[in-house]
Amino acid sequence: MTVANPYAPYPMRITRVTEEAPGVRTLRLEFVDPQVAERFTFKAGQFGEYSVFGEGESTFCIASPPTRKGYIECTFRQMGRVTTALADRDEGDIIGFRGPYGNIFPIEDWHGKNLLFIAGGIALPPMRCVIWNCLDLRDRYGDISILYGARTVADLVYKHELAEWGSRSDVKLTTTVDPGGQTPDWKGQVGFVPTILEQLAPSSANTIAIVCGPPIMIKLTMPVLAKLGFTPDAIYTTLENRMKCGVGKCGRCNVGKVYVCKDGPVFTLAQLNTLPAEY
Amino acid sequence: MNPGSELRILRTEALGELFSRLTASGHRLLAPVRRDGRVEFAEVSSPQEVALDYIQTTTSAKAAVFPRYEPLLRFRLRGKAADVQELPPDTRPTVLFGVHPCDAASLATLKAVFTWDSPDPYFETRLQQLTVVGLSCTRGDAYCFCTSVGGAPGDTRGSDVLLTPLDDDRFLVEILTEKGRTLAGAAPQLFAPANGEQKENRLAKITPRFGVEQVTSRLPKLFDRTEVWVEQSLRCLGCGACAFVCPTCSCFDIQDERQRYDSVRLRCWDSCGFKLFTLHASGHNPRARQSERWRQRVMHKFSYQPERLGVLGCVGCGRCSRACPVDMNLAEHVQALAEMSV
């Protein structure tokens, strides 16, 4: 074959499995072929197609930051055929990966700015990559604030890292759970993310907002950000449209004339405002 | 006539010799064949099998470059481990014989989709190996609307050689490309010099129903007219037959098919008309209603693709409307959109 097969996955070995929440796991993956590992690079915001041979492929962001070398991580919820098979894999098992695909969070353009991360549920993973990337280059950014909410306390992912961010003096972390989702010893907030955001009322001055979450959370968070003075070009999100090929051919992720897999998954609200609301 | 083309005369009785030469040199021949009351493209070895008097095949010729399903990888499973084998693209030289100008024109749309950003060796290898022998239309039917979307019954685009039947015994041959010259060179004695024969009076008359420009310029403004899309798609079943028979529909799925320890990863045709096409694992669906999926189909073909890839996603073959079980007619609907005030 003269042209490299764009559908052939690289084998990757699972080197760590972390239980994050009921049905949610993180896999740490290392390339089996050291030459592939050597030349592999990616940037915050990019995604990949993860395969279980004989079961299929699923699309997830790369949840670990490019500043941590030698491995990538993905976090997924067990939902269908592929993620059920993935959940059945252990440390030492081999799965497939192709990527990185898609565009990036322009974090180099954000030097000197304050960053406000707003995430809901299983949408923290795409943001975790950016958060760690910026924390690993901490002196380049201003204030870093994180607002993270989940349905219940159990559903919060990356619990150890939340504890670490919460204890750092250079991060302002707020966690919240939906009303009814709290436990007796819950020390965080209770309320939906947009409500808590309104109460926190962070300043929009020199600040970039990064928002990832379920569609309903994004929909209700945007007006709050607007009220706080965030302009559409200072608000970033990543779209979660379903994908198969990842390389701009299969048509599944199309929103208007945009291919989410090529032009995204990272978009500003200003860009989203020019697209049909089919995401 | 195409100014750069070479004109020849080919006698219908010479097709047998031409087919023999081509198969002897390792070519696969695909041609329209009448089976069970339908005409479909199929592999043939002699002209007796070929039905050249057809108006339209039920499914398009796109399978020659983009098969209904195509194996990409093979996995031999050993417990949770697997041996991964890349399955190479099909490299057989193929002659697509007797394809109408609409299908020939569709190859440009498919090529735009499969190559606009990154290479696709499966599609590109098939296309490189393909020689297209087009067949002008001497008849059309009420479903044909090629002349509304930039095509014509004698259009040469996409063909390497175009045949126009002059009478029962002879074709006027336009040799259009290097591939076409190579094909004719396989049996040069069969291609006699032309002597002023013209194809124009042999061609079907297809009256244009709308102008492409009218449609593409109006569609962005019609996007939010929900009532228009709901009304047009009220009876749509979401069966996907339109995409299945369409020569330019190229959306696909990738699936693993497994039998015990042997598994194939394949890509297969899919359709934006299916609810599952965009359904998220969470249950959220960006295009949850059939009317939104109908709008996507029309917008994609007549607005998004022209704007993004510079190609129209429709060649006016009319297959979608012939195949629709509830008689939705694309040309009628697009004509209505073209005439709508915005």
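This is a predicted model: local features need pLDDT of at least 70, side-chain atom pairs count only at pLDDT 80 or more; totals for chains, interfaces and linings use all residues.
1. Taken over C-alpha atoms, the centres of its domain 1 and domain 2 are separated by 25 Å. Domain 1 of chain B covers residues 6-202, and domain 2 of chain B covers 212-339.

2. Where these two domains of chain B meet, 35 residues of domain 1 are in contact with 31 residues of domain 2. On the domain 1 side, strand 4 (69-78) and helix 2 (101-115) of chain B each contribute at least two residues. That side of domain 1 of chain B is made up of 20 nonpolar, nine polar and six charged residues.

3. A helix pair in chain B is worth a look on your screen. The axes of helix 5 (residues 212-222) and helix 10 (residues 330-339) of chain B come within 8 Å and cross at roughly 75 degrees. Because angles of 65 to 115 degrees count as roughly perpendicular, helix 5 of chain B is roughly perpendicular to helix 10 of chain B.

4. Here is who takes part in that crossing. Helix 5 of chain B brings Gln214(B), Val215(B), Arg218(B), Leu219(B) and Leu222(B), while helix 10 of chain B answers with Val334(B), Leu337(B) and Ala338(B). Sorted by class, the contact has six nonpolar residues, one polar and one charged.

5. Now over to chain A, which is also divided into domains: domain 1 spans 10-101 and domain 2 spans 107-238. The C-alpha centres of these two domains of chain A lie 24 Å apart.

6. Between the domains of chain A, 15 residues of domain 1 are in contact with 16 residues of domain 2. The elements giving two or more residues to the domain 1 side are strand 1 (10-21) and strand 5 (72-77) of chain A. By class, this side of domain 1 of chain A holds nine nonpolar, four polar and two charged residues.

7. Is Ala21(A) buried or exposed? Ala21(A) counts as buried, because 20 C-beta neighbours lie inside 10 Å, and 20 or more is what the buried class requires.

8. Beyond its neighbours within four places in sequence, Ala21(A) is in contact with Ala154(A), Asp155(A), Leu156(A) and Val157(A). As for Gly246(A), 225 residues away from Ala21(A) along the chain, the C-alpha atoms of the two are separated by 28 Å.

Definitions and conventions
Residues are numbered from 1 along each chain as its sequence is written. Chains are lettered from A and ligands numbered from 1 in the order in which they are written. Domain bounds come from an automatic or database domain assignment. Two residues are in contact if their C-beta atoms, placed from the backbone, lie within 7 Å. Helices (H or I, at least four residues) and strands (E, at least two) are DSSP runs, numbered from the N terminus. Ala, Val, Leu, Ile, Met, Phe, Trp, Tyr, Cys and Pro count as nonpolar, Asp, Glu, Lys and Arg as charged, and the others, Gly among them, as polar. A residue is buried if 20 or more other C-beta atoms lie within 10 Å of its own, exposed if 12 or fewer, and partly exposed in between; C-beta atoms are placed from the backbone. Axes are lines fitted to C-alpha atoms, for helices over the stretch in contact, and angles run from 0 to 180 degrees between N-to-C directions. Angles under 35 degrees count as roughly parallel, over 145 as roughly antiparallel, 65 to 115 as roughly perpendicular and the rest as oblique.
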